[in-house]
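Please look through the sequence and the structure shown below before reading on. The briefing that follows is grouped by topic.

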Amino acid sequence: VIALAVYIIAWVGNQTLAGSGVSSDTYVLALPLSRDNHLLATIAVVGGFSAATAMIIVASVTLSQMLSNDVILPLILRRQKERGLISDYSGILILTRRITVIAVVMLAWLYQHSLAENAALTDIGLIAFALVVQVAPAIIFGLYWQRANAWGVLAGLATGTLIWFFTLMLPLLSNAGLIDSRFITDGLFGLSFLRPDQPFGFTFSDTYTRAVVLSTLVN
C-alpha cells in the first residue's frame, strides 16, 4: 500500500510539475503547495519529520546494540576470561551504546554535509543499498552450500566492498572535491579500463547496476 502511494505521488508530480525544476524528493510538499493547500502540506511536514526521526532512532539504537553485543562484549569476555575475572558488564555496555548512537548520528551528518549535500535522497539510499547487498551471496550460499567457509565469505565481502567503493564512492568523493577528478576521467593509475564509470571495459545503464552486478559476481 505504501509503495502504491509512492507511485501515485511520483506519477502525479511528474505530470504536474514537469519542467518546473522541482526535485522529485519534494513532491509530497510541492504538490499541495502548488494548489495552495497549506493544511495538507503541513501534515506532510509533520509526517515526514516523524518518519525521519523514527528512522534515526531505530537505526542508531539498532547499530549501537549490534556493536555492543557482537563486538564489544566478546572482546570484554575474552579479556576477562584470560584474567579469570567475572564482573558486571552492564555499565560499559550502556556507555558503549550511548557513544555509538552519538557516533552514528554525527557520521551521518558529516556524510550528508561533506558528500551528499547536493545528491538526491534516492541516490544516497541506493549507495547504501548497494553496500548492504554485498551480504546477499553469503546469506544465500551459506544456507544451501555445505562447503562454504568463513574465509571465503570474508574474501567475497572484502572484494565486493572494494568494488562498491571504487564504482560508487570514488565518483562521490570526486564530485565533493575531496579527490582528483582525473581518477574518474582517466582511470586509476591512468589506466582507462580502471575508470569507475566503465570498470574493466564493462558498460551498464546506471552506476548502481554496475556496482551491484560486478560486486555480486565477484562474491
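This is a predicted model: local features need pLDDT of at least 70, side-chain atom pairs count only at pLDDT 80 or more; totals for chains, interfaces and linings use all residues.

Residues are numbered from 1 along each chain as its sequence is written, and side-chain values use heavy atoms, with hydrogens and water left out.

- Helix H4 covers residues 90–114, and its 25 residues should span 36 Å at 1.5 Å a residue, which agrees with the 36 Å between its end C-alpha atoms; the expected span is 1.5 Å times one less than the number of residues.
- Thr100, which has its place in helix H4, counts as buried because its relative accessible area is 10%.
- Leaving out residues up to four places away in sequence, Thr100 touches Leu63, Ser64 and Leu67, where contact means heavy atoms within 4.5 Å.

**Overall make-up**

- The protein chain contains nine helices and two strands, which are DSSP runs numbered from the N terminus, with helices being H or I of at least four residues and strands being E of at least two.
- Read from the N terminus on, the elements follow the order α-α-α-α-α-α-α-α-β-β-α.
- Of the 219 residues in the protein chain, 21% are buried.
- Among contacts in the protein chain with a separation of 6 or more, 50% are between residues 24 or more positions apart.
- The protein chain exposes about 15,400 Å², of which carbon and sulfur atoms supply 70%; accessible areas come from the Shrake-Rupley method with a 1.4 Å probe, and for residues only the protein chains shown count as cover.

**The largest nonpolar core**

- The largest nonpolar core consists of ten residues, namely Leu115, Ile127, Ala130, Trp164, Phe166, Leu168, Met169, Leu170, Leu172 and Leu173; such a core is a set of buried Ala, Val, Leu, Ile, Met, Phe, Trp, Tyr and Cys residues joined through side-chain atoms within 4.5 Å.
- Two or more residues of this core come from each of helix H5 (121–132) and helix H7 (150–175), and H7 gives the largest share, with seven residues.
- In soluble globular proteins, nonpolar side chains tend to be buried together.
- Leu172 is found in helix H7 and counts as buried because its relative accessibility is 11%.
- Apart from its neighbours within four places in sequence, Leu172 is in contact with Tyr111, Leu115 and Ile127.
- Between Leu172 and Ile127 there are 45 residues of sequence separation, while their C-alpha atoms are 9.9 Å apart in space.

**Exposed nonpolar residues**

- A nonpolar patch on the surface is formed by Val132, Val135, Ile139, Ile140, Phe141, Leu143, Tyr144 and Trp145, which together have about 910 Å² of accessible area.
- Patches are made of residues with over 30% relative accessible area and no salt bridge, with like charges joined within 9 Å and nonpolar side chains (Val, Leu, Ile, Met, Phe, Trp, Tyr) joined within 5 Å; a salt bridge is a side-chain nitrogen of Lys or Arg within 4 Å of a carboxyl oxygen of Asp or Glu.
- Helix H6 (residues 136–144) gives the most to the nonpolar patch, contributing five residues.
- Tyr144 is found in helix H6, and it counts as exposed because its relative accessibility is 69%.
- Leu162 lies in helix H7 and is exposed, with a relative accessible area of 57%.
- Leu162 and Leu131 are separated by 31 residues in sequence, and by 9.9 Å in space from C-alpha to C-alpha.

- Asp36 has its place in the loop between helix H2 (27–34) and helix H3 (38–83), and its phi is near 55°, a positive value in a residue other than glycine.
- Asp36 is exposed, with a relative accessible area of 61%.
- Gln65 has its place in helix H3 and counts as partly exposed, at 36% relative accessibility.
- Gln65 and Ile94 are 29 residues apart in sequence, with 9.1 Å between them in space, C-alpha to C-alpha.

Definitions and conventions
Buried means under 20% relative accessible area, exposed over 50%, partly exposed in between (1.4 Å probe, protein chains only).
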